[in-house]
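The sequence and the structure are shown below.

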Amino acid sequence: MQFYSKIPRLIRWIISVMISFLVVMSVLRLLFYFQFNPPKKAFSGGTFLMGLRFDLKSICILALSIFLLCSIPWINPFKKMYAKRIWNILLTVVFAILIIFYAADHYYYDYLHQRLNANILSYTEDAGISATMAWQSYPIISFLIGFIVLVFVAAIFFRKRLAKYVQEDAAVVKRAWLYKLVFFLLLGLGIFGKIGQFPLRWSDAFTLSDDFKANLALNPFESFVSTLKFSDLQIDVKKVRRHYPFMSAYMGVQQPDSNKLNYKRYYSFNDSLVNKPNVVLVICESFSMYKSSMSGNPLNTTPYFNQLCKNGIFFDRCFTPAYGTARGVWATITGLPDVLGSSKQTASRNPAAVDQRVIINDFKGYDKFYFLGGDPTWANIQGLLKNNIEGLRIYSQDDFKAKKIDVWGISDKNLFLEANKTLAEKKMPFFAIIQTADNHRPYTIPSEDQAVFKKVSFPKDSIKKYGFESEEEMNAFRYTDFSYQQFIEAAKKEKYFDNTIFIFVGDHGINGNADNIYPKSWTNQRLTGEHVPLLFYAPKLIQPKWVNSICSQIDIFPTIATMLRIPYTNNALGRNIIDTVAATNKCAFVMDHDLKTIGVVTDQYCFQTNLQSGKQIFVSVLNNEPIQPSAETDSMKNYLSELTSAYYETAKYLILNNKKN
């Protein structure tokens, strides 16, 4: 203590500020741990130590800023009395910002299972919808009251701490310059974060080899600022050309041309269907496979849809290329993975990517409809649809008789019933897309349905064990099954039903722990966020079949065109998954925009590579056994590595070079 008292008052005051912020951030990390820790996951001291380093990095940046500003005499509280007021206000503002960041981070993780990142800025583009959803989903009033109390207490605390040091006798400190130099260097070391060539980065958290531990270690300042630096990737045409022979062969390009980078494939059929079937494609909000009955989940959340799957062609290994509704709609419609958008943007918001050639335009003679229960302007989806689908008619919340129930518009049940009524009155053939939204916060179940749809309860540990965070989420998932039932049973009464192919696909999955359903790689490699059901259902037109091979969301339109024997041109990356000739080498490309990983999933393996670190992961998707090195597995790893790179570079190129004729 005697040594500490010899340190200049300014440095001791800054250290006290640092300690106070460190305590608050540590308490908030503990709260995060107790709120979100998966069942039976042990406490990890190493994770909290890593988190402490990230907190110290942020705090040292704050401390260095205070230290440098106080080198200016007129703003030094130990030299100018009015400067005390300035610092009392500034520190209170900084504390308020910290609480806002952590609150946003808490609810962001609760919503998406991701720490706060720059992707949150995309919600400002649909600020009205985002604000309304937050109001309907979270206790905003309680937060504001708590926020005001905390900030008031912090203001008193900072005022008293500074007053304590200012009132001390200003003793002459020998070699004060040395103390200041050492303090400056220590702050620099804290900001750098570790001993080594490179500073502490957000990616270091993921060396913990556990998704939750990595998220627990990060703090919202680190994750947010780091993701701000990740912008749209640039196209490297040299790489595209280098991969062209591989990709053109993989895709079955009939007239390969590496100079023109031709990816077009033309498909025609000797036979044709006299009575053209209708098509109804349902893009299902957050329809995560491991949460459904089709995965064998004991909670049996989707019994009706499970029965539909037994009477149609069902693919239980379908993947979306990336997480997020906008990316899911993009991939389904365009046949291209959304790899160009950064962590805070999507391809649909990129003006340079709006012009796309889409297979649906090859459905000549079809009337085309898009049904959405809410506002179609979010993420520029309306622009994507209207700009590229010829003659499309969009029906949204203002076109329906049903009333809005929450921020997402009318209920899914009413959306289905309104769409069914509209389609029953239309001339045929038609191609209709229905996009659902209820399986989403605030998990609203309309009062009008609660007499028929019965909520169920399970023990909390069982709910979490089998993939759900709460009873509300689980019952909202069940309500989607109820809505599908209402739709199909209503459609069966209409003339169009017997000659209609219904396709159901998830827009994306939900990242979560599926260890009780699938091998650990599905959770560890975050495949749960991209694994979705895919069903082709038409009892009078197709024979039932349960398919276990890998496929992708981008394969849907080529497959529909082939089933309907409609000639089409494909310039994107999707393939017909019904074709037995293309049964070999099937894979699904996946990208995690937050972790910056790209990869492919096959019937046996998952291969991933990190775009920043270059780290590669090669694991089994069939069991928990490590892959043993051999000539065969090494060859497969090398093949999947090349396929991943080729797919990624080609997708980047095609997003900006898949324009309509």
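Two residues are in contact when heavy atoms of each lie within 4.5 Å. In this predicted model, F431 touches V279, L281, I360, F363, Y366, D367, K368, F369, F557 and I560, leaving aside residues up to four places away in sequence.

F431 belongs to the largest nonpolar core, where F431, L534 and F536 are the residues with the most contacts inside the core. Helix α19, spanning residues 631-655, contributes the largest share of this core, with nine residues. Another core lies apart from it, and its members include V280, Y290, L299 and F468. In soluble globular proteins, nonpolar side chains tend to be buried together.

| Nonpolar core | Size | Residues, among them |
|---|---|---|
| Largest core | 81 residues | F431, L534, F536 |
| Another core | 52 residues | V280, Y290, L299, F468 |

The protein chain as a whole contains 19 helices and 15 strands. Along the principal axes, the C-alpha atoms fill a box of roughly 100 × 60 × 45 Å. Of the contacts with a separation of 6 or more, 74% join residues 24 or more positions apart.

Buried residues account for 56% of the 661 residues.

How values were computed
Residues are numbered from 1 along each chain as its sequence is written. This is a predicted model: local features need pLDDT of at least 70, side-chain atom pairs count only at pLDDT 80 or more; totals for chains, interfaces and linings use all residues. Side-chain values use heavy atoms; hydrogens and water are left out. Helices (H or I, at least four residues) and strands (E, at least two) are DSSP runs, numbered from the N terminus. Buried means under 20% relative accessible area, exposed over 50%, partly exposed in between (1.4 Å probe, protein chains only). A nonpolar core is a set of buried Ala, Val, Leu, Ile, Met, Phe, Trp, Tyr and Cys residues joined through side-chain atoms within 4.5 Å.
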